[in-house]
Each structure stands twice: as C-alpha cells, then as structure tokens.
Amino acid sequence: MPWKTADGKYLKEGRGWTDSNGIKHPSNWMIWTEDYKKNTMNLTWEAPLGSFDNFYYYGWNSDGDALLPKPVADLKITLVSQAKQSSASMLSDSDWYVVRKTETNTAIPSGITAYRTAVRTNYTALKTAINNASDIAGLQAIYETTAGASSTAKEIDATSSSVVSTSANTITSNGHGFVNDEMVSYTVGLNSDDEQSAVIGGLVDGATYFVISTATNTFKLSESHSNCGDAAVVSLTGLSSDGAKQTFTSLGKPGQGQTWPNEKSLKYNVS
C-alpha cells in the first residue's frame, strides 16, 4: 500500500484506521490533502511494490509489503510436467522414424538417434534440477541466463594457425574469460575488401556454440550443452582464408531449463 503511519502500519483506501495514540480516523481519509497527510498526520508515501510473476506467486499480502508464494511442491509438479511436454514435442517430429523401424526394420539415421537421446538426457537433467530446488528463487534460476565474464566480443585472427588450432581444435584468445557451458555466438566479420570473410572450417557464421574445455587463454566449442550428454568438441577443419577480425561474443550461461538440443545443429542433421 502507498501510505503508511509513523509506526509502519500500511493504510487501505476506503478503510478507517486507528493511530498509535488510539485516535480513530474515518474511512474517507484519502480526501485529506497531501500536505495534511504528511505534515499533520505524519503519514509517508511509498511507491507501489509493482508487478510480480503470477506463475510463482499469488500476489501481494494484505499489507502490500510481501508476495504470497505458491507451494514449491506444486510448482515443481507443474514445471516437471512442462518439461515432459517440451520433450515430447521435440521428439514428435522424428517419432515416425521409430515407427518405421518397428514396422519395416529400416534403420534410424544416427543423427536422429543422437538428437532423440540428447532430448531425453536433457529432460532428465532438467527434472533433477527442478526436484533439487529448495525454494522459488532456486526454481527461477533454472530458467535464467547468467551473465558471462565479459560481454565484449573477443576478436581473433582466424587466418593464424597460432590462434586456430586444427590439431587441438582450440581457439586462442588471451584472457577470454569464458567458462564451460557458456553460450557464444560466432561472427566472421568482413575481410580487407569489406566483404564477408570465410568461416573457420567446421563452424557456421552466426551460429551459437557452447564453450567447453576452457583454459586461461584457449577454449573449445560444442554444438550442444553438457546437459545433453553429447557435448563433443567441434572439429576445426581449416583456417579462415581472410578472416583476420572474427569474433566470439558471450550470450551468457544458460540455466538448465534453457539447454535443449538444437535439431538444426550439424551434429544431428535433422531435416
């Protein structure tokens, strides 16, 4: 509530109240001028507490100073159910491969099998995270992305073998600050002729990757998060021929509710 007494009692519009001296005030006290409220009645104004997430909370309490949380156990049941529905939806497009295998014994493409396994593995990890959360803040964190060490794009000379290692599949960027499972976007930038430069072999311009196997000055990339159980290192098959100013930019570290596999990743080749 916006107005409160000197002793911290919040007042409701249209309802009478009694001050600390035992004096009763009428229900139409809101007709008083602001000057009278503040300087004579010693009331103070507080801005409304604002909006709230009605998935997790019923609303504000009667005093307007705290949110009323929904039972954590009930929220967990709902979130696990939603995760199961998401998993089923992602699998549905490739269910026909499984039916075909059953009916005609036609092999399921390896990429399809890998994708379906990753979906189920991620669901299991998400379900565990939900059930292990101790409070609403813990549940909310599962669906939030935390900032990376730096949002500044890390520029590299992708034409240099000392920067892009095709033998170790590493990218060198001194003091990059990336951590494992952090999302990064890869951009090829322009070459000296102001044209789009060539990609590093094995990568896709504009694609999002997950950082793995980080060291102080080097990192590797994966097309999937570790929650998917298949976070294999992307093979870097060649240097860029002209990309001396390519970048990797942090997109933050996703919570476990944001790590589903991407069916469009080259590793799955789901069409």
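Rings of Phe, Tyr and Trp (its six-membered ring) pair if their centres lie within 6.5 Å; planes under 30 degrees apart count as stacked, over 60 as edge-to-face and the rest as tilted. This is a predicted model, in which local features need pLDDT of at least 70, side-chain atom pairs count only at pLDDT 80 or more, and totals for chains, interfaces and linings use all residues. Residues are numbered from 1 along each chain as its sequence is written, and side-chain values use heavy atoms, with hydrogens and water left out.

Select Trp-17, Trp-29, Trp-32 and Tyr-36: ring pairs link these residues into a cluster. The count of aromatic pairs comes to 10.

Keep Trp-17 and Trp-32. Their rings are edge-to-face, 6.4 Å centre to centre with 70° between the planes. Trp-17 lies in strand S2 (residues 17-18) and Trp-32 in the loop between strand S3 (24-25) and helix H1 (34-40), so the pair ties together parts 15 residues apart in sequence. Helices (H or I, at least four residues) and strands (E, at least two) are DSSP runs, numbered from the N terminus.

Trp-32 has 18% relative accessibility and counts as buried (under 20% relative accessible area; exposed is over 50%, partly exposed in between, with a 1.4 Å probe and protein chains only). Tyr-36, at 34%, is partly exposed.

Now move to residues 57-60, strand S5, and residues 67-69, strand S6: the two run antiparallel, joined by 3 bridges. Strands pair if DSSP finds at least two bridges between them. Tyr-57 stands opposite Pro-69 in S6. Finish at the turn of this hairpin, which has 6 residues between S5 and S6; Gly-64 there has a positive phi of about 70°.
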